[in-house]
Amino acid sequence: MLKKATLALFLLLPLAAWAFVKPVRVIAPQLEGLACEGRVCVDDPARRPEAVALYRDAVEYVEKSIGTLQTEPRAVFCSTAACSERFGFKRQNAYNVGTFAIVISHRGWRPYFVRHELIHHLQSEHLGSLRNWLFKPVWFREGMAYSLSGDPRRPLVEPLQGYRAAFEAWFKEVGPANLWAEAEKL
């Protein structure tokens, strides 16, 4: 009986994760109707060139201005509200899944949103995904992403503007050369 229950749990757990933890869907976005080529997946093949250009430009920007990515994450671009909903979007424009993927909603097709999520990816590479999200100050995580992505919205709504200001003050003190060493100490 215990073996059957364990087997059932083993088989049902991935299905439950797929149904209820929508970021898990980045593992196989094709199962949600997206077409993937290289690192970029889209729900509308006609918008693939735009998505690829946004992604490539963002990777180049982040690597040139902040640091080299160890691995380039998968990028899932939703161009419709239905696709965004399938990947768990409510109000946000984009999110990242550790060092595995970034996901852009139908509202997030802006260079600074893609750069923002790649900065979170870079943070996870340097600091560890769980450590970054659980133990680093939110002003650092979000402030860095809003500041260094070149997000033109000023001021941001609070508390986001405060996070950006706190990061910028800290970054001015530590400097780009010491960014990751000092981030380790936070």
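Which residue in β5 does R74 stand opposite? The close-ups below, taken from a predicted model, start there.

**View 1. Strand β3 alongside β5.** R74 stands opposite A101 in β5. The two strands, β3 (residues 74-77) and β5 (residues 101-104), run parallel and are joined by 4 bridges. Look at the side chains of β3 and you'll see R74 and V76 pointing one way, with A75 and F77 pointing the other way. Whichever way they point, all of them are buried.

View 2. C41 is the residue set opposite V76 of β3.

**View 3. H121 in helix α4.** This histidine sits in α4, which covers residues 111-127. At a relative accessible area of 0%, H121 falls under the 20% cut-off and so counts as buried. Leaving aside residues up to four places away in sequence, H121 touches L69, T71, P73, N96, G98, T99 and F100.

View 4. Zoom in on L134, which belongs to helix α5 (residues 129-135). Its relative accessible area is 59%, over the 50% cut-off, so L134 counts as exposed. H121, by contrast, is buried.

Note on methods:
Residues numbered from 1 in each chain as written. Predicted model: local features only at pLDDT ≥ 70, side-chain atom pairs only at ≥ 80, totals over all residues. Heavy atoms only, no water. Buried < 20%, exposed > 50% of the residue type's maximum accessible area, 1.4 Å probe, protein only. Contact = heavy atoms within 4.5 Å. Pairing = 2+ DSSP bridges.
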